[in-house]
Amino acid sequence: MSEMLEGYDLDRLTIATLASHSSLQIVHGARKEGLGTLLVVTEDRAWFYEQFKHLVDRAVVVERWRDLCSERVVRALRESSAVLVPHGSFVEYVGLDCATGVPVPIFGLRSLLAVEADQHAKMELLRKSGVPTPESFPPGSDAGRPVIVKLPGAKGGRGYFVASSGREVLRGLEEAVRRGDISSASEAMVQEYLVGVTAYVHYFYSPVLDRLEITGADVRYESDVDGLRRMPLRVLAELGLEPTFTVVGNLPLVLRESLLPVVYEYGMRFLKTTRELLPPGIIGPFCLEGVIDREARIRVFEFSGRIVAGTNLYLDGSPYSYLYWDEPMSVGRRIAREVRLARERGALERVLT
Ligand code: AMP
């Protein structure tokens, strides 16, 4: 890290990110903490972000997102003493090689980006952490219960389908191969379909304070699984509609207080496992995404190892962040606060990779 920070003016650190996903929250929070702000923005979106120029010290306009790793953009970032904050669009937009190789310090655990990009590795990490997860099945085997079939690279749940038998799974996968969505059925992940309500719990691990915080929770609003309940079952059956899980937004969620110790413990287990398997372990924001059933059991089907879009709900703080900070503390601001605290304590290498 000392090499990566060479030539940096630590008194003028800048928080930089791609203009998408949660970037406005991130620059808003950095501004509140007195850090510089930089957005890398594509030509076609620059006009939109222009209206928030009071939050942005420097906009670096690019033709394509992958230009993040070009010499010109890296130079601009390094000149600004930039710390890159990855969000949900980061790897998807710039590609895994650029995301993991960009010669600019990243806030968070860089090695987790590759795990997150691989559905199977991701579930393996969750299982190893001892967090309850749905069962997985080889494609085509009979699970004896409904399953959800996840295609790799499906963005925000598009291209997932639910099936009730091994034969149905294979039929759906053959179609996906024919469409060219996958090259073979073995690429798909077949998971027990969890019955209950979904809940996405946001966490922040602070290496500086050595403390795990719950920063919020949300529910994704998905089209059209969330819309189908508006239609009478009789009509639904006639339509034979295949529901999709395309995320269109996020709704706030406050959990029953008795669930908090459970989700906190799951967060701790996940933190501990990343420390063992991917040292130094997770840094900053992450999210455990699960289903809570009628017995209030929580099973986790997915994690995000960085800021999630559901945090955009809490620009002014969440019911949980208030308990830790007693001031408006978005996750964007929390990231900047961590960078600031690390700088004050001469411990930047604990939050950057
Ligand atoms: P993911 O891409 O894994 O975040 O999943 C997208 C959406 O699919 C989730 O927000 C859930 O609505 C649904 N989903 C994913 N996995 C499961 C599961 N094992 N059981 C039930 N629903 C699921």
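The lining of the second largest cavity comprises, by class, 10 nonpolar residues, one polar residue and no charged residues, where Ala, Val, Leu, Ile, Met, Phe, Trp, Tyr, Cys and Pro count as nonpolar, Asp, Glu, Lys and Arg as charged, and the others, Gly among them, as polar. The model is a predicted one, in which local features need pLDDT of at least 70 and side-chain atom pairs count only at pLDDT 80 or more, while totals for chains, interfaces and linings use all residues. Residues are numbered from 1 along each chain as its sequence is written, and side-chain values use heavy atoms, with hydrogens and water left out.

A cavity is defined on a 1 Å grid over the protein atoms alone as a set of points where a 1.4 Å probe fits but cannot get out, and its lining residues have an atom within 4 Å of a point; grid points are joined across faces, edges and corners, and a volume is the space filled by probe spheres set on the points. The second largest cavity, with a volume of about 80 Å³, is lined by A199, V201, Y203, L255, V263, Y266, L288, G290, I292, I298 and V300. At least two residues of this lining come from each of β9 (197-206), α10 (260-277), β12 (284-292) and β13 (298-304), helices (H or I, at least four residues) and strands (E, at least two) being DSSP runs numbered from the N terminus.

In total, four cavities of 30 Å³ or more are counted. The largest cavity has a volume of about 110 Å³, and of the 15 residues that line it, P86, F107, G108, G305 and R306 are the closest to its centre. Its lining divides into 11 nonpolar, two polar and two charged residues. The largest cavity lies between domain 1 (10-106) and domain 3 (195-231 + 244-329), because both domains give residues to its lining.

The domain assignment of the chain also gives domain 2 (135-192), the bounds being taken from an automatic or database domain assignment. The centres of domain 1 and domain 3, taken over C-alpha atoms, are separated by 24 Å. Eight residues of domain 1 are in contact (heavy atoms within 4.5 Å) with seven residues of domain 3. The area buried between domain 1 and domain 3, that is, the accessible area (1.4 Å probe) that two parts lose on being put together, summed over both, is about 680 Å², and carbon and sulfur atoms give 59% of it. Of the area that domain 1 buries against domain 3, 60% is supplied by H21, Q25 and H28, more than by any other three residues.

R31 forms a salt bridge with D57, in which the closest N and O atoms are 2.6 Å apart. This pair links distant parts of the chain, 26 residues apart, with R31 in helix α1 (residues 23-32) and D57 in the loop between α2 (43-50) and β3 (58-62).

Backbone geometry includes a cis peptide bond from S223 to D224, with omega near 5°, and D224 is placed in strand β10 (residues 211-224). P279 and P280 are also joined by a cis peptide bond, with omega of about 10°, and P280 lies in the loop between α10 and β12. D210, although not a glycine, has a positive phi of about 45° and is found in the loop between β9 and β10.

Definitions and conventions. 1 Å grid on protein atoms, 1.4 Å probe; cavity = no way out; pocket = protein on both sides within 12 Å on 5 of 7 lines; lining within 4 Å. Salt bridge = Lys/Arg side-chain N within 4 Å of Asp/Glu carboxyl O.
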